[in-house]
Amino acid sequence: MTSEISRIRKRKETRKELSKLAKKADQVLLIHYSCESFYDIKDGRTPRVTSIAVRNLNSAQTESFSIHKIAERIGVQISDIPNQYDELEKMMLRDFFEYIKYRQTFHFIHWNMRDGNYGFSAIEHRFQVLGGNPHIIPDEKKFDLARGLISLFGRKYVGHGKSGRFHELLRINSMTDKDALTGKEEADAFEAGEYVKLHQSTLRKVDCLSNIFERIDDGSIVTNATWKDKYGMHPKIIVEYVKDHWLWTIIVMIAIITGLSGKLFG
């Protein structure tokens, strides 16, 4: 019972946080990035970052930072990128953190960007390894949409499928995932030097993140979650749900009015 009560409280907190983000959408950025596969690295170094996309939740304006764009800017052929990767990656990350520098008050919505393998700290570490000084985004400014969905709808809200929850959620909501690569496809694209393909995938994924957020906010998101998955079945949980529902207010008002009428005319 304690875990069920904790679940509904967490759900309320998550819903409240989502509502806050929606109300200040012009100060909210959706972020996603692509990188080298962390599973195929044999020398112990951290995965190279290939591209980063940042989209404003309100205006949909998107900024992107990528290896191939830096290469084009300084006249490096795509076929020569592997030979100059460190320099190009450093320039790309410098541009990214310069962008972040002027958005310290913004909130960032992401998908599982939580640790040193894949996350904000991984990007920061790469820049430090290359000699840069990153601007750190405070943890309280980050919102993990993947964890938020679990808080709202339970762990069974969608299956992992062949490509993970993100792609499964897109599928059951009939959202287009054109250009959005799976983890394996991104690793293959990196090995093949298909940096433009990786960049397009990153751009598509921030677009999808925006779509998912908007559907959660307006209540149209489709999941596999049952009422029990979301709320549990203990009587106290049902009471918590009823109290939080608009109908409860009407019932209470009717009861009060009925009670007063009985006293006046009884």
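**Exercise 1. Find the side-chain polar contact that N173 makes with the backbone of V222, and describe the setting of N173.**

Step 1. Begin with the atoms: a polar atom in the side chain of N173 lies 2.7 Å from the backbone nitrogen of V222. A polar contact is a pair of N or O atoms within 3.5 Å; within protein, one must be able to donate a hydrogen and the other to accept it, and residues adjacent in sequence count only if both atoms are side-chain atoms.

A word on the model before going on: it is predicted, so local features need pLDDT of at least 70 and side-chain atom pairs count only at pLDDT 80 or more, while totals for chains, interfaces and linings use all residues. Residues are numbered from 1 along each chain as its sequence is written, and side-chain values use heavy atoms, leaving out hydrogens and water.

Step 2. Now place the residue: N173 sits in the loop between α6 (165-172) and α7 (183-191). Helices (H or I, at least four residues) and strands (E, at least two) are DSSP runs, numbered from the N terminus.

Step 3. Check its cover: N173 counts as buried because its relative accessibility is 5%. Buried means under 20% relative accessible area, exposed over 50%, and partly exposed in between (1.4 Å probe, protein chains only).

**Exercise 2. Work out the strand order of the open sheet.**

Step 1. Read across the five strands: the order is β3-β2-β1-β4-β5, with mixed pairing. Two strands pair if DSSP finds at least two bridges between them.

Step 2. Look at the edges: β3 (62-66) and β5 (142-144) each have a single partner strand, so one side of each has no neighbour in the sheet.

Step 3. Axes are lines fitted to C-alpha atoms, for helices over the stretch in contact, and angles run from 0 to 180 degrees between N-to-C directions.

Step 4. Zoom in on one pair: β2 (residues 49-56) joins β3 in the antiparallel sense over five bridges. The bridge partner of R55 in β3 is T62.

Step 5. Finish with a helix: α2 (residues 67-74) lies across β2 and β3, at about 75 degrees to β3.

How values were computed. Contact means heavy atoms within 4.5 Å.
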